[in-house]
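Here are my notes on the two-chain model you asked me to look over. They are set out as numbered points, so that each can be checked against the coordinates.

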Amino acid sequence: MAASSEDGTARWQYLNHIRKTKGPFNPPTDDEDVTPEMLDTLGKSTILVIGAGGLGCEILKNLALSGFKNIHVIDMDTIDISNLNRQFLFRKSDVGKSKAEVAAAFVERRVQGVKITPHNCRIQDFDEDFYMQFQMVVCGLDSIEARRWMNATLVNMVDEENPDSLKPMIDGGTEGFKGQTRVVFPTMTPCIECQLDLYAPRAAVPLCTLATIPRQPEHCIEWAHIIAWEQEKPFPSLDKDDPEHITWLYQKALSRAEEFKIPGVTYSLTQGVVKNIIPAIASTNAIIAASCCNEALKIATSAAPALGFEDNYMSYHGDEAIYTNTFKYEKKEDCAVCGSLSKPLEVDPRWTLQELVDSLATNASAQLKKPSIRTDSKTLYMRFPQSLEEKTRPNLEKTLREGLGLEEKQEIAVTDPAFPALSFKFFLRFT
Amino acid sequence: MTEIVMSQTPPILHGPSDKEKKYDRQLRLWAASGQAALESANILLVNSGCGTVGVETLKNLVLPGIGRFTIVDEAVVQNADLGVNFFLDETCLGKLRSKCCTELLQELNPDVQGEWFPKQQGTVELDQVLLDSPTYTLIMYTMPISPKDLAALKEYGQQHHTPLVAIHSAGFYSYFNIQLPGTFPIVDTHPEAERTIDLRLTKPWPELAQFAEEMTKDMDQLDDHEHGHLPYVVLLLHYLEKWKETHDGKLPTEYKAKLEFRETVAKSARTNNPEGGEENFQEAVAAVNRNIKEQTLESTLAEVFSHEASGNVNVKSSFWVIAGAIKEFHKKHGCLPLPGGLPDMKAQSSVYVKLQGLYKAKARKDSQEVLEIAKSLSDGRDVDSAEVDLFCKNASFVKLVNATTGDQDLKEQKANDSLAEVTMMPLSLFPIYLALSATTHEPTASVDQIKASVHSRLPAAADDMRVVQACEEVARAAGGELHNISALTGGMVAQEAIKIITKQYIPIDNTCIFDGIASRCQVLRL
């Protein structure tokens, strides 16, 4: 039996050798020797991982093997059988259990000396006091909304008097053979909201196409999902993970497709359209998660220059050979989260307020699903409280220029329950 | 309506199987055919050094369900392994690394078979392992490797036409190199859907032309609803015919003519409606640029044709037979077989379905013709019609990997770098490859030893500032792997292995270098 590894010297020899040895790319001013105390700081810092899914499982493994000892992980999801092709900390017997709990326990078991605290809940369940305890946040999320919330929270937490309030955020994302890594130093470098238009929502199929002139199998599935389900209510509420519900939608879509002689409706396509499934594989998650953790290690140890103040974005494309694009994304002065100016919002003055409200959901630079709108002098539409909603509801029918008297360049403030801390400022630009 | 439904056989409403559920997110990328190829793959990893990058690669292949893997590794697990390799734990100390990693990898997917060598601590005869094992689909080896083992693998690769992947990860750097056995053709390259659209607007076949003519012959008499639902394909065919009448039979393929043509189409929309325009006409205007152009042969396909003619192809696989048949087809018709897809467009359901049927029928007819040509060629008797269909559908995007022989070298890379400020291109990562490969057999070499080795290989490189820096950074690692860099490299190698095994998407040609300091890659042919 080999000697025990109590002090970890032997175990961490590769990592520590590199950390102790200066390389040609370390800043020349940094001539201090790396002392054992400095090596220890990594083990003393606390790092937060958001998501214990495809990226999250990899991130937990990578951070544990990068010398981080205090890790927290938040994920509200439970394990599904379709996770097993990539979320390698889970087994078939784990299906139905909490992702955060199973992942944390697995990595703790495998890597001696690491403490991982799981939180089986939503990120919105915690307040700033909770997030203040971390030195860094690494996100492996599949939801843009959760990223925006986390980003806004971290930007709002920055207090210029207190350097510890600045938490670098490293964000990964994947789709098929592609992915990206972003590093944000909140308030100092471009934030996730600055880059919102990179994630334009897909244009929705017009309702009249679904209702009267379907042409594609997707149109039949959306018809079953949006129209037939509402009309027939076969179950009290739609559970997209319940095979019985998906089967109901599939059958509805299929008979509609037959009526119009449209080929191509399958169970798998139905599931894909209804759940908006994005293809995901182990290898892409491995690439992006490791890239995120490489940046985390570099930021935490200064072992080499990290992404952030110069280049801050790496995109990876693996479907046609391999291509990476590493570049500097610029900060936006009209960013709703970290900027000070309002953004232009193109609207037709003949629109009703309802049309403006609807357009905010699909507008790439807004992406707000439940907006409330006011100007500095009056409330145009408020969803909450109910009394105010009822009072402002008649405005929805009125047109912007004639009905509500709004002028070109009018500033409006939009709020949305998904981002309680934020007020999105726009000025109207008439088309 | 009820009648239609009743008259058809009720669909078989089987839900997905357990395996389809488990692999759902990847089947959406490479489908059942790709999955079947993975499941019959048998992969060898010859492991060494810190031993992490190869094991991380295998993890990303075991999860999606390769058939079988073997690890050859003489190392015995030490404390240092536990700080870098996730597929080992305390109980493995003092045991064979090959066996321990195999067992922990197999936990990830009970469908995958794992094997390891040596069976007992000591040395392993790689020759013997290769001789005794079922044929490998792909072999990966990590640095450092002994010259003897390297020679054995290269010989095996040549004999069995097995792709070899060399992987080297040290400190913040890595590279991997793929040696494919000869020219490697790929049909199912998965181009972006919008690139594959071929509407044949400039060269409609008779049925399509007739369909458009019938729909538009009394266009002005159509009511607003019908007029607003004429598919844009029909609109463009109609206005192209009218254009030709006034332009000596010429098509608007030149830039200026295209602008003018777009204007003509835009102006023909009815505007006396509440929307003040028609969506189908807007779609038509938007489709002009992409769809009205001279038919040209994609350069990748031209390469296939000339390669086929060059006599470089000794083994007449079905790929080359079908390529030959498509070349004949192209010579005869002046165009490729029709892919047959039709994008969505504003139209009445029944009209759209009819139009879609026209495109599909033409594609089937073209494919049938290619099949007949193929069967008439030598070696073409057993060509499979499904393979011909796929080839016809993808003909413009078929790709040859490893077809050229010219390698990129330092001189070319330095020339590019000297222009980098003007071209805004990032600097070459070739120096990283030079420095890393100088430690192929000697992982812990000193800076001076690495520089000397680079000098003996490429005297011109040794004084280059960026090469010197790369040598210093490689020496800094002293052969040690960083887990993140090896995990990232393992992800890239696994993606490439999947592309090679499934013959889908496009693998690199042939070396990928990763710089974990600047966070970027470069692919070079070396």
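1. Two strands are taken as paired here if DSSP finds at least two bridges between them. With that criterion in mind, and remembering that this is a predicted model, one can turn to β9(B) and strand β10 (residues 520-524) of chain B, which pair in the antiparallel sense over 5 bridges. The two strands form a hairpin with 4 residues between them, and within the turn Ser519(B) has a positive phi of about 60°.

2. Are the residues of strand β9 of chain B buried or exposed? The strand, residues 511-515, is mostly covered, with 5 of its 5 residues buried. In a regular strand the side chains alternate between the two faces of the sheet. In β9(B), Thr511(B), Ile513(B) and Asp515(B) point one way, whereas Cys512(B) and Phe514(B) point the other way, and all of them are buried.

3. For chain B as a whole, the model has 23 helices and 10 strands, and the C-alpha trace spans about 90 × 60 × 55 Å along its principal axes. Of its 526 residues, 45% count as buried. Among the contacts in chain B with a separation of 6 or more, 71% are accounted for by residues 24 or more positions apart.

4. One helix pair in chain B can be described in detail. The axes of helix α12 (residues 255-267) and helix α13 (residues 279-291) of chain B come within 9 Å and cross at roughly 170°. Angles over 145 degrees count as roughly antiparallel, and α12(B) and α13(B) are therefore roughly antiparallel to each other. On the α12(B) side the contact involves Lys258(B), Phe261(B), Arg262(B), Val265(B) and Ala266(B), which meet Phe281(B), Ala284(B), Val285(B), Val288(B) and Asn289(B) in α13(B). By class, this contact has 7 nonpolar, 1 polar and 2 charged residues.

5. Between the chains, 75 residues of chain B are in contact with 71 residues of chain A. On the side of chain B that touches chain A, helix α23 (residues 483-502) of chain B gives the most, with 11 residues. The residues on this side of chain B divide into 38 nonpolar, 21 polar and 16 charged.

6. In chain A, 5 strands form an open sheet in the order β9-β13-β12-β10-β11, with mixed pairing. β9 (343-347) and β11 (379-381) of chain A stand at the edges with a single partner strand each, so one side of each is left without a neighbour in the sheet. Neighbouring strands of this sheet are turned by 35° against each other on average, direction ignored. Within the sheet, strand β12 (residues 411-415) and strand β13 (residues 424-430) of chain A pair in the antiparallel sense over 4 bridges, and the bridge partner of Ile412(A) in β13(A) is Phe426(A).

7. As for annotation, UniProt lists residues 345-431 of chain A as "domain: E2 binding", in an unreviewed entry. Over these residues of chain A the chain is 20% helix and 24% strand, and the end C-alpha atoms are 10 Å apart.

Key
Residues numbered from 1 in each chain as written. Chains lettered and ligands numbered in written order. Predicted model: local features only at pLDDT ≥ 70, side-chain atom pairs only at ≥ 80, totals over all residues. Axes fitted to C-alpha atoms, helices over the stretch in contact; angles between N-to-C directions. Parallel < 35°, antiparallel > 145°, perpendicular 65-115°, else oblique. Contact = placed C-beta atoms within 7 Å. Nonpolar A, V, L, I, M, F, W, Y, C, P; charged D, E, K, R; others polar. UniProt positions renumbered as here; feature names shortened; annotations may be inferred. Buried ≥ 20, exposed ≤ 12 C-beta atoms within 10 Å, placed from the backbone.
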